[in-house]
Amino acid sequence: MRIAIGGFFHESNTFSPLVTGEEDFLIFRRGEIYAHQDAYLLAKGIISYFQEHAGYEIVPLVFARAVPNGEVDAELYGRLKNEFFSYLREAGPVDACVLALHGSMRVRGIGSAESDLLLALKSAYPSLPLFCGLDMHATVTRDMLRCTEALVGFKTAPHIDAWETGWEIARLADLSLSTGTKLRMGAARLDCLIAGEKSETDYEPMRSLIAELREVEARPGVCSASLLLGFPWADAEENGVTALVVTQYDQALADACARQLRDSFRARRNEFSFSVPAYPPEQALKLALQEDCKPVLVSDSGDNPTAGATADNTALISLLANELRQLTRGKNITVAGIYDPDAVRICAEHRGQKISLRVGGNFDTLYCQPVALQGVPLRVAENFGLYAATLVLFRTEEFDLILSSKHIGFTDLEPFHALGIDPLAQDVIVVKLGYLTPELQSIAAKSCLALTCGCTDEVLQRLPYTYPHDLI
Ligand SMILES: [Zn+2]
């Protein structure tokens, strides 16, 4: 049997002024995906499954993914979608389409990319069965439910089961295609938005809710269960939490199980809270600078590029350079990092020289202003990471600042190593993240959230939503 595969993976923050364009995306056409599977683990899981099971031919179409950011440029999306359909047409008859999608990708002027793509597929190929693996922060729409045989989401946050989720959705496609089993999907929605920092799966109440989900999944007749949380930093009508259960043949069982999981989530609604201490920005930095253990990691949570913020908010570097200057004396402090292509270029031209540099506040003009710093660009790392960014280590009297030419998230220790920074020798590390990734968590003597204002404000009540939701 022939399985068409493809995917678009982006979490789009509608509060960000940025538009996500071609230079932000990694795009793999047709067979290119095979050499780049580690950059797209959800796709890798799908590919692994069909390669390990006899009788399947994989037909890869288009895969595109980018770091979360503002909404995706409509012209770019249109082009990628056209390529996807032209490769599918050229491929000839296929038996199913298995997609690696995010679920909360939004295109400027169009809205949900997943709804748009699946509706287009359904309209062009009405009898082609569609199966999708999704991020846990997927916003499940009515159109996504209507168009697909099965949806399966990640069960972990931080997400460490992307490959397994790809494998799982491929397994369901195999079950349906090879045995003719009719899959039935039940979904139950809750109209609330919750930040990822209150819904990590190692902490209560999510830990118990996921344990219950796995119990449901083990019941006879149930194929899979998912809890899709939606994406709080998008102002979208259909945003919210969805419990979703796939069964063999049994619609009533799917509906009942989905309602049970939804009701369990609702019953624990008031128990969700930040998994680490969270403070107003100045207090977070003060406490971190006064600790005697190290390193203390402070998340600049309102400006988290891994949830689509601009990564150039200057609130914390402004505090360190001004109000909290005295407390920085004798401390090793690294701020990772600020997205500022112009500052990176100026630094690269003045390596080793003392210069005045205007940093940040270029994209986030709503919540901050550029900051003028005096310092020395000490080191430059070219071609860093998947997105080939240029990184600069800029040393001021108060702190070391990492600048990036690309809008990327610093989710591991690689950027530090690339610039010759020993993270364990730092007293305080400011990261533009919400919850810490396992690798950063592993070096943190302590950690906290600084509740900065920005495109990923953790205090959801401060954001300008136009669609009303219950904000947790
Ligand atoms: Zn996610």
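This is a predicted model: local features need pLDDT of at least 70, side-chain atom pairs count only at pLDDT 80 or more; totals for chains, interfaces and linings use all residues.
**Exercise 1. Two helices side by side**

- Step 1: Find the helices. α7 covers residues 206-217, and α8 covers residues 251-267.
- Step 2: Look at the geometry. They pack at an angle of about 170°, and their axes are 10 Å apart.
- Step 3: See which residues meet. From α7 come Leu-209, Glu-212, Leu-213 and Val-216, while α8 brings Cys-257, Gln-260, Leu-261, Ser-264 and Phe-265.
- Step 4: Six are nonpolar, two are polar and one is charged.

**Exercise 2. A sheet and the helices across it**

Find the order of the strands in the open sheet that contains β9, β11 and β12, and then say which strands are at its edges.

*Solution.* Let's build the sheet strand by strand.
- Step 1: Recall what holds a sheet together. Strands pair through backbone hydrogen bonds, either parallel or antiparallel.
- Step 2: Read off the order. The three strands run β9-β12-β11, with antiparallel pairing.
- Step 3: Pick out the edges. β9 (183-190) and β11 each pair on one side only, which makes them the edge strands.
- Step 4: Note the twist, which averages 10° from one strand to the next.
- Step 5: Zoom in on one pair. β11 (residues 222-228) and β12 (residues 241-248) are joined antiparallel over six bridges. Leu-227 has Ala-243 as its bridge partner in β12, and Leu-228 has Thr-242.
- Step 6: Check the cover. Six of the seven residues of β11 are buried.
- Step 7: Bring back the helices. α7 lies across β11 and β12, at about 160° to β11. α8 lies across β9, β11 and β12, at about 25° to β9.

**Exercise 3. Checking the span of a helix**

What span should helix α6 have, and what distance separates its end C-alpha atoms?

*Solution.* This one is a quick calculation.
- Step 1: Count the residues. α6 runs over residues 162-179, which is 18 residues.
- Step 2: Use the rule of 1.5 Å times one less than the number of residues.
- Step 3: Look at the surroundings. α6 is mostly covered, with 13 of its 18 residues buried.
- Step 4: See what follows. After α6 comes Gly-180, which has a positive phi near 75°.

**Exercise 4. A loop residue and a covered strand**

Is Leu-419 buried or exposed, and which strands does β15 pair with?

*Solution.* Start with the loop residue, then turn to the strand.
- Step 1: Locate Leu-419 in the loop between α12 (414-418) and β20 (428-431).
- Step 2: Count its neighbours. Leu-419 has 21 other C-beta atoms within 10 Å, so it is buried.
- Step 3: List its contacts beyond four places in sequence. They are Arg-379, Ala-381, Leu-391, Leu-393 and Ile-402.
- Step 4: Follow Ile-402 to the strands. Ile-402 in β19 is the bridge partner of Ala-336.
- Step 5: Name the pairings. β15 pairs with β19 (residues 400-404) in the parallel sense over five bridges. Four bridges join β15 to β20, also in parallel, with Val-335 opposite Val-430.
- Step 6: Check the cover of β15 (residues 333-339): seven of its seven residues are buried.

How values were computed
Residues are numbered from 1 along each chain as its sequence is written. A residue is buried if 20 or more other C-beta atoms lie within 10 Å of its own, exposed if 12 or fewer, and partly exposed in between; C-beta atoms are placed from the backbone. Two strands pair if DSSP finds at least two bridges between them. Axes are lines fitted to C-alpha atoms, for helices over the stretch in contact, and angles run from 0 to 180 degrees between N-to-C directions. Two residues are in contact if their C-beta atoms, placed from the backbone, lie within 7 Å. Ala, Val, Leu, Ile, Met, Phe, Trp, Tyr, Cys and Pro count as nonpolar, Asp, Glu, Lys and Arg as charged, and the others, Gly among them, as polar.
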